[in-house]
Amino acid sequence: MKQRMIRITALFLVVVVLVCTSLPLAAQTTIASDTERAVTVFGIEDGTLKLPCKSAILMEATTGVILYSQNAEEALPPASVTKIMTLLLIMEAVDAGTVRMDSRVTVSANAASMGGSQVYLKEGEQMSLEDLLKSVVISSANDAAVALAEHLCGSVSVFVEKMNAKAKKLGMNSTTFENVTGLDDTAQNHLTSAKDIALMSRELIAHKDILKYSSIWMDSIRDGTFGLTNTNRLVRYYQGCTGLKTGSTEKAGFCVSATAERDGLSLICVIMGAESRDIRNASACQLLDWGFSEYALYTSEGASVPPIKVVGGEKTDCALNYPSFSAVVEKASISSIVTKINLPESINAPVKCGDTVGTIEFKTEKGIVGTAPIIASEDVLKINFFQILYRIAAKFLLI
């Protein structure tokens, strides 16, 4: 009897241990489902990343260098990622003083009629430009995007003209905008590419204030009575994510332009035409992880270099310097970067401050990372006849 009780007690303890250990494992499996998908979203074949989407790109934001490209110039429907250009024009207007964040915007019947993602604006309702901006950035509100476009330009059509003009100026050669929202049920040629999205994303995040909104996970409008939740889940669970914009329609599939920063390296990752939200998010995470693991941003603050001789000048030499320099390099090579100064033995007067007189190379064993100009730090005027006589006389008297 005693032995039987011992066996029952031992069996009970084993069951308790198994149940306790299995619970966190089950919870971990549920929580990590997106991550587990992410691990297998692409493979590496012959050194090439393979992403399960129609197109993708990874760009370093400071320099604009493209680190990864997959069918990145094909024109495709972008869904609500369109709103990056809408937001860019609004931020330019704010920074130019054309509109203010506290400006009151009156909602038109047209804006209130927008379907899809919305904050349910009513015709005649007034809201601050900042609250409408937050609604677009965080909740991808179509009605708020239209209200902002009408407030800035008087009509959506005029605003769209400005969108296309800006796209052309930025070199977005695969882009045609037909609306400010990305809704494509009736759109005929509303298209852009992963590369073009990266270009306008880079331009948008140059307006640093936008990151205050795009990095918010939850917020509210209407004095706290209407909640906003970011459509970009990466803001919540991806380390260093600062934004930027998601989108999805039946035509476009699932798209995102995701921005993130770690250790001074700022990346823009664009995914277009993924089959699901999870695949889109996992692809973006994996591509960003790859970028952060493989690359780093090398920076030199700029400095002076030894002066150069000046022939025929009021002074016999000229002070020199080079400006700050940045370049994306392979992480493994950043500690081995050296510099090489390329200068002639002398230059002829006159010299103007800011004149380029040579270059400085930043290089590794694999080759040149980049170059920066070496420039004159001061003016050196050409010597005149009387100054020449003075020098001759001074030299003669010294002799």
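Two strands count as paired if DSSP finds at least two bridges between them. Helices (H or I, at least four residues) and strands (E, at least two) are DSSP runs, numbered from the N terminus. In these terms, strand β13 (residues 303–311) and β17 run parallel and are joined by three bridges. One of the bridged residues is Val310, whose partner in β17 is Ile347.

This is a predicted model, in which local features need pLDDT of at least 70 and side-chain atom pairs count only at pLDDT 80 or more, while totals for chains, interfaces and linings use all residues. Residues are numbered from 1 along each chain as its sequence is written, and side-chain values use heavy atoms, with hydrogens and water left out.

The protein chain holds 12 helices and 19 strands. Of its 399 residues, 45% are buried, where buried means under 20% relative accessible area, exposed over 50%, and partly exposed in between (1.4 Å probe, protein chains only). A contact means heavy atoms within 4.5 Å. Among contacts in the protein chain between residues at least 6 apart in sequence, 63% join residues at least 24 apart.

The pair β13 and β17 belongs to an open sheet of six strands, with the order β16-β18-β19-β14-β13-β17 and mixed pairing. Its edge strands, each pairing on one side only, are β16 (338–342) and β17 (346–348). Neighbouring strands of this sheet are turned against each other by 35 degrees on average, direction ignored. Angles of this kind rest on axes, which are lines fitted to C-alpha atoms (for helices over the stretch in contact), and run from 0 to 180 degrees between N-to-C directions. The peptide bond joining Ala349 and Pro350 is cis, with omega about 5 degrees.

A second open sheet has five strands in the order β4-β3-β11-β10-β9, and here the pairing is antiparallel. The edge strands are β4 and β9 (241–249), each of which pairs on one side only. From one strand to the next the twist averages 5 degrees. Four bridges hold the antiparallel pair β3 and β4, and among the bridged residues Ile57 has Ser69 of β4 as its partner. Helix α8 (residues 194–205) packs on this sheet, touching β3, β4, β9, β10 (253–262) and β11 (265–274), and its direction makes about 140 degrees with that of β11.

The loop between β3 (55–60) and β4 (66–70) contains Thr62. This residue counts as partly exposed because its relative accessibility is 43%. Beyond its neighbours within four places in sequence, Thr62 is in contact with Arg202 and Leu297. Thr62 and Gly264 are 202 residues apart in sequence, yet their C-alpha atoms are 9.6 Å apart in space.

Another loop, between β7 (218–221) and β8 (226–229), holds Arg222. Its phi is near 55 degrees, a positive value in a residue other than glycine. Asp223 is found in the loop between β7 and β8 as well, and this residue too is not a glycine but has a positive phi, of about 55 degrees. Arg222 counts as partly exposed, at 22% relative accessibility, whereas Asp223 is exposed, with a relative accessible area of 83%.

The helices come next. Two packed helices are described by the angle between their axes and the distance between the axes. For helix α3 (residues 83–96) and helix α6 (residues 142–153), the axes come within 11 Å and cross at roughly 40 degrees. That makes α3 oblique to α6; angles under 35 degrees count as roughly parallel, over 145 as roughly antiparallel, 65 to 115 as roughly perpendicular and the rest as oblique. The crossing is left-handed, a term for a near helix turned anticlockwise from the far one by less than a right angle, with right-handed for clockwise. Lys83, Thr86, Leu89, Ile90 and Ala93 of α3 make the contact with Asn142, Ala145, Leu148 and Leu152 of α6. By class, this contact has six nonpolar, two polar and one charged residues. Ala, Val, Leu, Ile, Met, Phe, Trp, Tyr, Cys and Pro count as nonpolar, Asp, Glu, Lys and Arg as charged, and the others, Gly among them, as polar.

Helix α3 also meets helix α5 (residues 129–139), with axes that come within 11 Å and cross at roughly 155 degrees. The two helices, α3 and α5, are therefore roughly antiparallel to each other, and their crossing is left-handed. On the α3 side the residues are Lys83, Leu87, Ile90, Met91 and Val94, which meet Leu129, Leu133, Val136 and Val137 in α5. The contact of α3 with α5 has eight nonpolar, no polar and one charged residues.
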